[in-house]
Amino acid sequence: MDSVSSLIGQHALIGICSHIFFIGITFYALQSLMYEKVFKKNHVFQVQLLFILLSIAIGSTVSNFFIAISTWSRQLPFLFN
């Protein structure tokens, strides 16, 4: 039973780290946009909040994709047993 709980903890840690990593990368990538031309002036807080929410949405989606690919690739050997 100890190994099962340890494995669950490892998966949780990998998921948290993956999400934080991809959210950070997404936030960094979104900073390259020239948002001054799209959004209203003097709405800095709203634009920053939008960037944070977009970073979370996109980063979590990408992270879930990579976690799913990783899980599926670990399950492929069962196809040949």
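This is a predicted model: local features need pLDDT of at least 70, side-chain atom pairs count only at pLDDT 80 or more; totals for chains, interfaces and linings use all residues.
User: How do you know that the length of α1 fits a helix?

Analyst: Helix α1 covers residues 2-30, which is 29 residues. At 1.5 Å a residue these should span 42 Å, and the end C-alpha atoms are 42 Å apart, so the two values agree.

User: Why is Ser 18 called buried?

Analyst: The relative accessible area of Ser 18 is 14%. Buried means under 20%, so Ser 18 is buried. Ser 18 is found in helix α1, where Gly 15, Phe 22, Thr 26 and Leu 30 are also buried.

User: What covers the buried residues of α1?

Analyst: The cover includes α2, residues 44-75. For Ser 18, the residues touched are Ser 63 and Ile 67, not counting residues up to four places away in sequence. Ser 63 is itself among the buried residues of α2.

User: How many residues separate Ser 18 and Ser 63 in sequence, and what is their distance in space?

Analyst: They are 45 residues apart in sequence, and their C-alpha atoms are 5.8 Å apart.

User: What makes Ser 60 buried?

Analyst: Its relative accessible area is 17%. The cut-off for buried is under 20%, so Ser 60 falls in that class. Ser 60 has its place in helix α2. Leaving aside neighbours within four places in sequence, its contacts are His 19, Ile 23 and Ser 55.

User: Why is Ser 55 called buried?

Analyst: Ser 55 has a relative accessible area of 1%. With the limit at under 20%, Ser 55 is therefore buried. Ser 55 belongs to helix α2. Beyond four places in sequence, Ser 55 is in contact with Ile 23, Thr 26, Phe 27, Leu 30 and Ser 60. Thr 26 and Leu 30 are among the buried residues of α1.

User: What lies 2.7 Å from a polar atom of the side chain of Ser 55?

Analyst: The backbone oxygen of Phe 51 lies at that distance. A polar contact requires a pair of N or O atoms within 3.5 Å, and 2.7 Å meets that distance limit. Phe 51 is also one of the buried residues of α2.

User: Which other residues of α2 are buried, and what covers them?

Analyst: Besides Phe 51, Ser 55, Ser 60 and Ser 63, the buried residues are Val 47 and Gly 59. Their cover includes α1.

User: Why is Ile 56 called partly exposed?

Analyst: Ile 56 has a relative accessible area of 39%. Buried is under 20% and exposed is over 50%, so a residue at 39% is partly exposed. Ile 56 lies in helix α2.

User: Is Val 62 classed as buried, partly exposed or exposed, and why?

Analyst: Val 62, in helix α2, has a relative accessibility of 29%. With limits of 20% and 50%, Val 62 therefore counts as partly exposed. The C-alpha atoms of Val 62 and His 19 are separated by 8.3 Å, although the residues are 43 apart along the chain.

User: Why does Ile 14 count as exposed?

Analyst: Ile 14 is at 55% relative accessibility. Exposed means over 50%, so Ile 14 counts as exposed. Ile 14 lies in helix α1, and its C-alpha is 8.7 Å from that of Ile 67, 53 residues away along the chain.

User: Why is Asn 42 called exposed, and what is its phi?

Analyst: At 77% relative accessible area, with the cut-off at over 50%, Asn 42 is exposed. Asn 42 is found in the loop between α1 and α2. Its phi is positive, about 65°, although Asn 42 is not a glycine.

Key:
Residues are numbered from 1 along each chain as its sequence is written. Side-chain values use heavy atoms; hydrogens and water are left out. Helices (H or I, at least four residues) and strands (E, at least two) are DSSP runs, numbered from the N terminus. The expected span of a helix is 1.5 Å times one less than its number of residues. Buried means under 20% relative accessible area, exposed over 50%, partly exposed in between (1.4 Å probe, protein chains only). Contact means heavy atoms within 4.5 Å. A polar contact is a pair of N or O atoms within 3.5 Å; within protein, one must be able to donate a hydrogen and the other to accept it, and residues adjacent in sequence count only if both atoms are side-chain atoms.
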